[in-house]
Amino acid sequence: MINRKSRDEIKRMRHAGHIVALVHQEMKKVVEPGISTKELDNIAMKVIKSNKAIPTFLGYNGFPASICTSINEQVVHGIPSDEIILKEGDIIAIDVGATYGGMVGDSAWSYAVGKISPEKERLMKVTEEALFAGIANMRAGNVLDDISGGIEDVANREKLGIVRQYGGHGVGHVMHEDPFLFNYRVGDQTLIKPGMVIAIEPMLNLGCDDVKVLDDGWTVITKDGAPSAHFEHTVLATEDEPILMTTLME
Ligand code: MG
Ligand code: MG
């Protein structure tokens, strides 16, 4: 069942999303060669807690940190560590969740560490474009497949791999609610209605689609070792334009 959020729930979610955006604003400032992913996690935790929110990821299915940090060939769910130090030329996807007033905001962004290769540059640019192509189709009267198709078309145009095993999801009272949203067409004709909130999150690869999970039980990497990028916003469907819930509020 896909629940539709009330005005009050949307208000709290918007606040949660603002806090997630504050974390990303901070991440953008501090991501540079020499910083460890554990330091990034500490900074994120501080921002979330100082804004009276709860780090949604911490303890989620046993996840040990407040953010996921996935570098280069890592796709999603990378675990922050003192031993993982960013270096020039890396790209890092940082996924952040915050719960405020019982409602969740979820957003991921990929960042360049210093100067990166033109191929990684292209990967990040296109994945972000795919996210916004999906968002543009999240309109009342469209179906879920329209969002998926918007993402797929951009990925195909640029011949990027599309991660198949992971995708977007309803979000609200908990991080993962119905529906699951594929990043490619599967024929899902579920109607989009005002009040539905979905985390749209393309994960695209410079190589093949295939991924696998490392022995730590969390970190997902591309099978061919090619770099992967990840961009995500929590988005509200309305009668009119979709509304981004995970941006800074004025
Ligand atoms: Mg996320
Ligand atoms: Mg998500």
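Leaving aside neighbours within four places in sequence, aspartate 90 is in contact with Ile71, Asn72, Ile85, Tyr111, Ala112, Val113, Ile116 and Lys120. These contacts come from a predicted model, as does everything that follows. Aspartate 90 sits in the loop between S3 and S4. With a relative accessible area of 4%, aspartate 90 counts as buried, because the cut-off for that label is under 20%. One of the listed contacts also shows up as a polar one: the side chains of aspartate 90 and asparagine 72 are joined at 2.9 Å.

Strand S3 belongs to an open sheet of 3 strands, ordered S3-S12-S11 and paired antiparallel. Strand S3 (74–76) and strand S11 (211–213) are the edge strands, each with a single partner, so one side of each has no neighbour in the sheet. Averaged over the sheet and with direction ignored, neighbouring strands are turned by 40 degrees against each other. Between S3 and strand S12 (residues 220–222) there are 2 bridges, and the two strands run antiparallel. Within this pairing, valine 76 stands opposite valine 220 in S12.

Distant parts of the chain get linked here: aspartate 95 is in strand S4 (residues 91–100), while glutamate 232 is in the loop between strand S13 (228–230) and strand S14 (233–236), 137 residues away. Aspartate 95 and glutamate 232 are buried.

Now for the other ion. The magnesium ion (ligand 2) is held by Asp106 (OD), His169 (NE2), Glu201 (OE) and Glu232 (OE), with distances of 2.0 to 2.2 Å. Its donor residues are spaced D-x62-H-x31-E-x30-E in sequence. Aspartate 106 bridges the magnesium ion (ligand 2) and the magnesium ion (ligand 1), and the two ions lie 3.1 Å apart. Since aspartate 106 lies in strand S5 (residues 103–112) and glutamate 232 in the loop between S13 and S14, the pair ties together parts that are 126 residues apart in sequence. Aspartate 106 and glutamate 232 are both buried.

Definitions and conventions:
Residues numbered from 1 in each chain as written. Chains lettered and ligands numbered in written order. Predicted model: local features only at pLDDT ≥ 70, side-chain atom pairs only at ≥ 80, totals over all residues. Heavy atoms only, no water. Helix = DSSP H or I, 4+ residues; strand = E, 2+ residues; numbered from the N terminus. Buried < 20%, exposed > 50% of the residue type's maximum accessible area, 1.4 Å probe, protein only. Pairing = 2+ DSSP bridges. Axes fitted to C-alpha atoms, helices over the stretch in contact; angles between N-to-C directions. Polar contact = N/O pair within 3.5 Å; in protein donor to acceptor, adjacent residues only side chain to side chain. Contact = heavy atoms within 4.5 Å. Donors = N, O, S within 2.8 Å, 3.2 Å for Na, K, Ca; no water.
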